Amino acid sequence: MKMQMTRLLWSLTFFLITSVALQAQNITGVVNDENGIPMPGVTVRIDGTTQGDATDLDGKYEIKNAPVGEQVLIFSFIGYTEAKETINVPPTGSISVNRDMTVDSKSLEEFVVVGYGVQRKREVTGSIEKVGSKELTDIPTPSFEAGLQGKAAGVQVTQGSGLAGSASVIRVRGVASISAAGDPLYVVDGIPITQDYFLNGNRGGMNNNPLATINPNDIESVEILKDAAATGIYGSRGANGVILITTKSGSGTGWDFSLNTRHGFSLPTARPNMLNSAQWLQLNQEAWENDGNVGLAAPLPANVTWEQARQTDTDWVDETIGVGFKQSYNFSANYGTKKLKLFSSLGYDDNGSYLIGNSYERSSFRTNGTYKISDKLEVSANISLSQGINNRVDAAWSGGLGAAMSEALPIFPIFHTDTVRNGSEILHLPGDYWRYGSNPTAQRELQDWRTREFRSINNVSIQYRPIKNLFVKAYVGYDFMNVDDDKFSDRLLLNQNGQRNLFRQNLAERWENTTNNWNTNGTVSYIHDLDDRNSFTYMAGFEYQESRTIFKPRISREGEEVEGPFYENSDLLDGGFVDEEGEAGLRRDAENDDRQIYNFISGFGRINYARDNKYFAQASFRADGSSRFGENNRFGFFPSASAGWVMSEENFLKGNESISFMKLRAGWGITGNANIPNYQQYGFYTRLNEVYNGDDILFLAVPPNPDMQWETAQVIDIALETGFFDDRITTTLSFYNKTTTDVLLNLTPQPSTGFTGFWDNVGEIVNRGIEFEVSSVNMDRENFTWRTDFNIAYNYNEIVSIGNYSEDAISGGTNDTRVVVGKPVGTNFLVPFLGVDPVTGRNIYQDINGNQTNVWDPADRRAVGRVLPLAVGGMTNTFDIGRWSVGVVMVFSLGSDIYDSSSKRQNGVVTNWNMRTEVFDRWRQEGDEAEYARLSQRTENYGLDNPFNNNTTQWLDDGDYLRVRRLSVTYNIPAFNVGTADFGGASITASASNFLTFTNFDGLDPEIARDFENATDMNMSPNITYLTPPQEMSFNLAFNLRF
Amino acid sequence: MTFQKSITNLTYLGAVSLLLLLSSCKDLLEQKPPEDGNNVLPENAIETPEDVQQILVSAYDVLGNTYNGNAQNLVNLLSDNINRPFQQDDYTSVWLRNTSIFNGNVGSVFADLYRGPLRANTVIENLDRVDYAGSDINPTQMEAEARFIRALCHFDIVRGWAQPYGWTPNNDHPGVAIRTSSAIENQARATVGDVYDQILSDIAFAKENLTTPQAVYATEWAAIALEAEVRFQMHEYDLAYALADQVINESPFNMDSTVNRYQYPQVSPEAIFYIFSATRSDQTIDSRNGGFRGNYFSGPDQVTTLNFTEEYYNKQKVNGDLGPRPLLYQSVSLEESEFYVTNLFEAEFFHIPILTITQMKLIRAESAAEIGLNLTQARDDINDIRERAYGNEFFNLILSASADDIIEAARLERQLEFPANGQRYHDLKRIGSQGEEVIVRGVPYDCNGMILQFPATEQTNLFPLNPGGGC
């Protein structure tokens, strides 16, 4: 009996055990991502229990001992929509549940790059615009920043002219500087890069573009920080906005490749309509006779005889404008494992402009890598090398197309047709270029001018996480730039009139400068989760930046042995420098290099607070010291504070059917602009050797100013972000007020002091405005999606004060715009033109008392126009129709005026310039109602003292425009195989850019960013055109392949 | 609550350590401009007497860049010598007697002329800063040269930009700014009388203390000759006579036998003060004649930017085509128009006389006639010049020439001897302001446009511009 009981007990126990074991069910499965690739790291758990697992590298998961019956499995991974699946766990065996995750498109956009970090978009309390990589590469621009046009509210981008390699002018929320550079701070992967537009001055009518060597295909995103809450962390350099450029990093798993190629051609958006030979001779003769002279007009410019003039009809515009060809190739590779992420690219972009002989070629290489040494330690490095080769032509005032629109007359021939002698000497042979007057073809062909920029922007950083939530990061960035400007001039270009018998020989010249720009910073961040609801993030850091530029003196070599430029004949650089006159060899203009060095030392900190994922606040502080600031003002302090409230999380809005998101944010801060010249605080004397009578001289060149400092901007920003209908429509409305004080002015004292200028921080400028953006998915059907993005920004700009200085004392800018207190920066200050008197045929101006007068007097000038627009913006429409997508990007500018400074002479006094066909509408006899006055060669007959002092509203035009920036049609091919090769997809795009413009402007192109003399000119005189080449329109075909 | 406190503590800690860090790095931020090459920091610039002397030479350098024709051309354009300029807009404005505040050439000459006083003042202000022991350099000599330059520049500025001396009885009509300090500050517009007082005071010091005989740089004869010119302009003919006489008799300079005194490589023997084009150690020439050569010479049979009126040409040729001086002028025909040019400035290099014996002789002659003394000597002075000009005696003044004849002859010869240095303009102003009626190319000698306009930035509430409205 006892033994039977024990046996029963044992078997019962055994039964229980086995049944329990049999009742422990497993749930297994594989989780894939949206492309069908296994996804590691996905959390799979059973709702209502603590049981779960994470998928391994193969996407597999296994949950053991799952409770039997109906269960809900939850799959979650950041960036993907959380998936729930109801399953029925059977009493026996295991159950397999596979899942394909779908990308949460909303949350993928959620991260935004901010200063020294990354933040979720929801938590951002400052004003930040983000432009993604696709938008930057869609438009075939030579330099990526042109792709920002019309994409971000309040960011005005004016493309550089049609010259290849020219720079765009970018202004964030108006213009707040006059003599200091008004550009935003450009930061590439953490290093504020060298961004001097005037590194090469204004040679050839073009400024340097510091962004031209950055390959647009390498850019992941561009964040534009607009208000002080966002830029405050950049302290003395954030006042005019900060543009953060982040290059691509590796992602995903395994290898991914992408190949892009594009081909196209470009034309000018407009062609100037100049007179031909017969027309010019006719009008010149008419002016001559109107002035009471008899006989044929004499002398003709360049002493051309009438016989020669009648036989010559050169179309210089045709000689300088052609068709530009473009091609680009870009190959990028992406490699990812759990530990290593790598992105690498190789690119070549040959951008020919419509100006004959002009192109910009960029070759670039980049590798970005991140390596997780351990869970706590991560290293990343970005290396980039690029070379930009700009085949230059003269433009604007320097020649080329500019000469074709001015001094190159149709009566000038291009070549000599006969041998010309002077006694026994031969002056010219047939086929030699005729050079007694302007000859842009000769200037181009007898010259070989090339600027080569070698650029390398690199950084290395280490991030260490000693304990959970504490991050220590060390960063070193290095930006290297070397520019060689090589020019070769044939001896027939140098000899006066192109004569063969004179003594100049071929000349090779080189200007070289090199900039080494280092940045190092260290930050410590700590995420402090107080509890479920409250969380702080603290960040503190320091930074040191130093930039050294060496300008080598011009080197040159003139002689028979010089056959071409230095870059093609490097043997010409051999041997030392010679000094003696008449000695053959290499020369340099000075013995020593010129050096520009500046540095910054900074400390900064930031605190972020989040509560309940709906209340956010941020405070930041930065202290900056710079060598640019005078010793009396060495350090500046820049605080900011901001807050955000996600109202849509509140009970009164939660569950609202229309409003899916609403956030109110406000910020205040103080930032600065440190883009001021180096060394001004010290002043200096200059000593030169053997200057007069063989003796040395010494003189005070720049007077010292120890009070020199940054400009200070105080910014207040308030914005409301909303999303409607499940974020199908999102809008942002912001208001801002920016007051800039200590505005740096380059002042001209009375010339009787003997000094030409000195710097003082003395002005005050106000910018305030409203920005509105809306993104809307208008239609979202099975095979048809239509999305519109629209933004518009209105900016009010006023110069509030310039201290005790007179308005004329502020130098820089041409005499067509000037500083007027109470008006915007860059006010057109002109004499009103009332028309041509039908009785006398003379110009009628309005004097300061409102009366009509025939005499132009500078005292009658008044503020009549503005170069800054009132509103700018853009609209992008994207249509996805099955596999096709169509995109239209339009940009517009309203409320500005354009002053065509060259038409003063093209349509004004008859001089040695060619004229435009509009001038046919001139007064000829009493009673004529004409646009233009009675022709005369005498400036006094127009009431002027000088043909260039024709500063009147006759040349002021409405600058409003709406331009179709890009129209593109793309055919997308989804993943496909060719044999054993798997391709991730491909696309073919045909696009046209700048081909359609709506404007009232009568000149060539209403979008103007011409060559500038200096920073003051760049701030005060955009929208002033002087022989500026028009923009280019281009037509392209692009092909993209992913594998 | 504790976390608030810890935040506050953290912030304080952070701020303090930040400030400590930053202040210790202050030295790093001292990035001074490099001093190799041509630049010198102000604190290191002036240490030896040679440094001060180099500043003085820089003042002469300014004169070399301004009196190379640039300054002289402007006032010459206002006279009756020059015809409408050919394809030079700024010059045309001056010729039209309608210069505006924007005229680039006028503005740059104005600024350059004032750089002379700036550099001179810098010399004077720094004389005491260095130690002269063991040096040949004499500070008083340097001050004298500096003041000579200051006087010369102010003299040409006030003659070009203000109505002449004597235009009002007390000379309290508006003049120009007087600069006796290198400070960058606004100066009121002084009266013409005050400007001349300053000029004479500077010349007096210079005359007294220019003890070193030297070439190229100022000597006591330059100061005396300059004073002769100033007194002459002021209608003080007795003083002008005495000074000119002193220069002619006692100085080492003699009237040149050549009609063209723009010479090279030698300096004309009659040039008392001149702008010098030196040969550098590398055998290149430091040519200082651009303003003249660039505008008066274009090549054979070419119309030049600055060409002469038909009236002037006829005056040169009044005694026939031949003779050294008339031969300096040619006519060029183009289509049906005639242009009149000179070959005075054809040579590639030439020095530029500023104060000459010829001018001293003419001053002596005209002053003598004005005060009624020494008419024989005056007539001889004129005849020396005429004989040199025509190569014979046929056009000399006769023995019985009256004072008025001599005055008229002196004025004519002065116009013919100095076609390009602005002397004619100064004469017209001098003659007009002493009460004679002077009409220049159809307008009175003192209409608004007959003086140059200041550049825009010279105007302040203490410095009104010249009246506009041309003539």
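**Figure 1. Salt bridges link chain B and chain A in this predicted model**. The rule finds four salt bridges across the interface of the two chains. A salt bridge here is a side-chain nitrogen of Lys or Arg within 4 Å of a carboxyl oxygen of Asp or Glu. One pairing joins the side chains of B:Glu30 and A:Arg634, at 2.8 Å from N to O.

**Figure 2. The interface of chain B and chain A**. Here 85 residues of chain B are in contact with 83 residues of chain A (heavy atoms within 4.5 Å). About 7300 Å² is buried between them, and carbon and sulfur atoms give 60% of this area. Buried area is the accessible area (1.4 Å probe) that two parts lose on being put together, summed over both. B:Leu29, B:Gln31 and B:Phe102 supply 11% of the area that chain B buries against chain A, more than any other three residues.

**Figure 3. A strand pairing between the chains**. Strand 35 of chain A (residues 684-692) pairs with strand 1 of chain B in the antiparallel sense, over two bridges. Strands are DSSP runs (E, at least two residues), numbered from the N terminus; two of them pair if DSSP finds at least two bridges between them. The bridge partner of A:Thr686 is B:Asn39.

**Notes.** Residues are numbered from 1 along each chain as its sequence is written, and chains are lettered from A and ligands numbered from 1 in the order in which they are written. In this predicted model, local features need pLDDT of at least 70, side-chain atom pairs count only at pLDDT 80 or more, and totals for chains, interfaces and linings use all residues, while side-chain values use heavy atoms, leaving out hydrogens and water.

Technical notes:
Helix = DSSP H or I, 4+ residues; strand = E, 2+ residues; numbered from the N terminus.
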